[in-house]
Amino acid sequence: MRVFLLIGPPGAGKGTQARKLVEKYGWSYIATGDLLREEIRRGTPLGQQIQKIVEGGRLVPDEIIVQVVASYLDAGRDYLLDGFPRTVGQAEALKELLRQIGGEIGGAFLLEVPEETLIERMIGRAKIEGRTDDTPETLGVRLREYQEKTAPLVAYYEKEGKLHRVSGVGTVEEVFERLNSKVEFLLTEVHE
Ligand code: AMP
């Protein structure tokens, strides 16, 4: 069982690229942001607990998100994780989880996009999708959360020899091509 990771700041295009990747490679898809928004929409106890945090643009506590992901991971499949891990604590927890179920990280793709482009994209997305955490007030919070808590993952996965940097600038197809060539490389490397 292999797990591929998509890491990047808000607005980097993770969701768009993730959907294209899972369609092409047949991986199971876990987008923690989508799962949490669904819990909030349904008003479950978890949803009520995390609503203010998510809508304020902050990260939910590691214990909560790790439990959610653990409940979805199944040893018999390959996965693309979109938006998890987002802290070094979560990355450590994922490592332990994979050790327990006999899985490994196939690769961690970092989508790199300059901050000005992120802000333009998120303002555009706020208008189209109406996401409650895409308001101008929360943009700054989300970018800061990324810089403080998620950016350290870059060094973490670099050290693990799993990091693959991909420029997220350009059209959806251009970015997808870059990701694709990394994935193809990793898949052939594993089989040789
Ligand atoms: P996303 O759709 O990936 O941008 O996630 C939307 C929001 O869900 C984030 O701003 C966080 O509040 C929360 N969230 C999603 N994934 C995680 C995670 N791995 N750790 C903590 N919070 C998360």
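## Cavity and pocket

A cavity here is a set of grid points where a 1.4 Å probe fits but cannot get out. In this predicted model, a search of the whole structure turns up 1 cavity of 30 Å³ or more. The largest cavity holds about 40 Å³ of space. Its lining consists of Leu6, Ile7, Gly8, Lys14, Gly83, Phe84, Pro85, Arg86, Tyr146 and Thr150. By class, the cavity lining has 5 nonpolar, 3 polar and 2 charged residues.

The largest pocket contains about 920 Å³ of space. It is lined by 43 residues. Nearest its centre lie Gly11, Lys14, Arg125, Arg131 and Arg142. The elements giving two or more residues to the pocket lining are α1 (14–25), β2 (28–31), α2 (32–42), α6, α7 and α9 (172–191). The pocket lining divides into 14 nonpolar, 15 polar and 14 charged residues. Lys14 lines the cavity and also lies among the residues nearest the pocket centre.

## A cis peptide bond at Pro85

Most peptide bonds are trans. The bond joining Phe84 and Pro85 is cis, with omega at about -5°. Pro85 sits in the loop between β3 (79–82) and α5 (88–101).

## Helix α7 and its partners

Helix α6 (residues 115–129) packs on helix α7 (residues 136–150) at an angle of about 135°. Their axes are 11 Å apart. The two helices are therefore oblique to each other. The crossing of α6 past α7 is right-handed. On the α6 side, the contact uses Glu115, Leu118, Ile119, Met122, Ile123 and Arg125. On the α7 side, it uses Leu139, Arg142, Leu143 and Gln147. By class, this contact has 6 nonpolar, 1 polar and 3 charged residues. Arg125 and Arg142 take part in the contact, and both are among the residues nearest the centre of the largest pocket.

Helix α7 also packs on helix α8 (residues 152–159), at about 35° and with axes 5 Å apart. From α7, the contact draws on Gln147, Glu148, Lys149 and Thr150. From α8, it draws on Pro152, Leu153 and Val154. The classes here are 3 nonpolar, 2 polar and 2 charged residues. Gln147 of α7 meets α6 and takes part in the contact with α8.

## Helices α2 and α4

The axes of α2 and helix α4 (residues 62–72) come within 11 Å and cross at roughly 100°. The pair is therefore roughly perpendicular. Thr32, Leu35 and Leu36 of α2 make the contact with Ile65, Val68, Val69 and Tyr72 of α4. This contact has 6 nonpolar residues, 1 polar residue and no charged residues. Helix α2 also gives two or more residues to the lining of the largest pocket.

## The loop at Gly103

Gly103 is placed in the loop between α5 and β4 (104–112). Leaving aside neighbours within four places in sequence, Gly103 is in contact with Met1 and Leu98. Ser167 is 64 residues from Gly103 along the chain. The C-alpha atoms of Gly103 and Ser167 are separated by 28 Å.

Notes: Residues are numbered from 1 along each chain as its sequence is written. This is a predicted model: local features need pLDDT of at least 70, side-chain atom pairs count only at pLDDT 80 or more; totals for chains, interfaces and linings use all residues. Side-chain values use heavy atoms; hydrogens and water are left out. Axes are lines fitted to C-alpha atoms, for helices over the stretch in contact, and angles run from 0 to 180 degrees between N-to-C directions. Helices (H or I, at least four residues) and strands (E, at least two) are DSSP runs, numbered from the N terminus. Angles under 35 degrees count as roughly parallel, over 145 as roughly antiparallel, 65 to 115 as roughly perpendicular and the rest as oblique. A crossing is left-handed if the near helix is turned anticlockwise from the far one by less than a right angle, and right-handed if clockwise. Contact means heavy atoms within 4.5 Å. Ala, Val, Leu, Ile, Met, Phe, Trp, Tyr, Cys and Pro count as nonpolar, Asp, Glu, Lys and Arg as charged, and the others, Gly among them, as polar. On a 1 Å grid over the protein atoms alone, a cavity is a set of points where a 1.4 Å probe fits but cannot get out, and a pocket is an open set with protein on both sides within 12 Å along at least five of seven lines; lining residues have an atom within 4 Å of a point. Grid points are joined across faces, edges and corners, and a volume is the space filled by probe spheres set on the points.
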